[in-house]
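User: I am new to this structure and would like to learn how to read its features one by one. Could you take me through them slowly, with the general idea before each case?

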Amino acid sequence: PADVDRGRSDLSRRRAQAGRQLAHRATADGDRMIAAIREWAARHTADRGIAPIGVAFHWIMAALLSFQLYWGWYMSRMPVGGDKLDAYKLHSELGLGMLVLATLRFLWRTIVPGPINDADKLGWQTKLAYLTPALFYICFFGLPLSGWAMWSALGDGPRLDLLGAAWPQLPVHDIPVVAQWTILGWADGIHTLLILLLVALIPMHIGAALKHHFWNRHDVLIG
């Protein structure tokens with residue numbers, strides 16, 4: 001029995017050592033990949049531009065946000081029925097896609113920070129400019145999550161899909177109906193507030209970018 005225990009202990013140590021080696025190798029590979037991404041992006045940010053992936057994230061999100069705002073306004077005026085339910089389903093599925101895209105964009109920005117340009121030297125204006133992306137990210141994440149909560153609290157509606165794969169509902173069906181309606185009300189309120197925030201942010205963001213570009217002659221639109 002003592003030999004068996006020693007054998008098991010040695011086997012456990014070897015497995016633990018192999019696991020640590022694999023983890024170290026994976027960490028090293030991950031660090032090399034991040035370094036390669038940053039080196040590639042630096043070719044663009046060195047000239048105070050933005051890497052193509054960052055540009056793609058920006059304009060895809062802008063297009064989706066514009067469509068979602070229009071579609072939300074349009075479907076709110078549709079008569080109750082199957083077509084309206086289909087419109088809400090499309091709106092919700094696009095929102096889930098935006099949630100995934102926002103997550104990828106956030107990860108990208110943690111790996112590749114944006115370029116330093118003229119607008120980063122303006123004191124309080126620069127601090128305000130850094131607040132704007134944070135508010136946008138609150139909308140990017142808060143709107144899809146609150147919409148997902150609303151769809152889940154509605155009950156047994158059509159399932160949501162993302163690129164053909166079923167998207168799970170939040171586990172709220174086993175709680176009392178009153179609690180489900182409470183979740184629905186809170187989620188709807190949060191959703192509405194974030195829409196209002198987004199509607200205010202978009203013209204402020206565009207106006208500030210145009211002001212810096214045309215009035216101050218800053219390099220904020222390079223890339």
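User: Is arginine 105 buried or exposed, and why does it count that way?

Analyst: This is a predicted model, in which local features need pLDDT of at least 70, side-chain atom pairs count only at pLDDT 80 or more, and totals for chains, interfaces and linings use all residues. Residues are numbered from 1 along each chain as its sequence is written, and side-chain values use heavy atoms, with hydrogens and water left out. Buried means under 20% relative accessible area, exposed over 50%, and partly exposed in between, with a 1.4 Å probe and protein chains only. Arginine 105 counts as buried because its relative accessibility is 14%.

User: Where does arginine 105 sit, and which residues is it in contact with, leaving aside its neighbours within four places in sequence?

Analyst: Helices (H or I, at least four residues) and strands (E, at least two) are DSSP runs, numbered from the N terminus, and arginine 105 has its place in helix H3, residues 82-111. Contact means heavy atoms within 4.5 Å; with neighbours within four places in sequence set aside, arginine 105 is in contact with Phe57, His58, Met61, Tyr137 and Phe140.

User: How many aromatic pairs does a search of the whole structure find?

Analyst: Rings of Phe, Tyr and Trp (its six-membered ring) pair if their centres lie within 6.5 Å, and planes under 30 degrees apart count as stacked, over 60 as edge-to-face and the rest as tilted. The search of the whole structure finds nine aromatic pairs. One of them joins phenylalanine 106 and tyrosine 137 edge-to-face, at 5.7 Å centre to centre with 80 degrees between the planes. That pair links distant parts of the chain, since phenylalanine 106 is in helix H3 and tyrosine 137 in helix H4, 31 residues apart. Tyrosine 137 is buried because its relative accessible area is 16%, whereas phenylalanine 106, at 42%, is partly exposed. Tyrosine 137 also forms a stacked pair with phenylalanine 141, at 6.3 Å centre to centre and 25 degrees between the planes; both lie in helix H4, four residues apart, about one turn of the helix. Elsewhere, ring pairs link Phe67, Tyr70, Trp71, Trp73 and Tyr74 into a cluster.

User: How many salt bridges does the structure hold?

Analyst: A salt bridge is a side-chain nitrogen of Lys or Arg within 4 Å of a carboxyl oxygen of Asp or Glu, and the structure holds two. The side chains of glutamate 93 and lysine 89 meet in one, at 2.6 Å from N to O; both residues lie in helix H3, four residues apart, and both are buried. The side chains of aspartate 161 and arginine 159 also meet in a salt bridge, at 2.8 Å from N to O.

User: What is the phi of leucine 163, and where is this residue found?

Analyst: Most residues other than glycine have a negative phi. The phi of leucine 163 is near 55 degrees, a positive value in a residue other than glycine. Leucine 163 is found in the loop between strand E1 (160-162) and strand E2 (165-167), and with a relative accessible area of 88% it is exposed.

User: How do the residues lining the second largest pocket divide into nonpolar, polar and charged?

Analyst: Ala, Val, Leu, Ile, Met, Phe, Trp, Tyr, Cys and Pro count as nonpolar, Asp, Glu, Lys and Arg as charged, and the others, Gly among them, as polar. The lining of the second largest pocket divides into 21 nonpolar, 10 polar and two charged residues.
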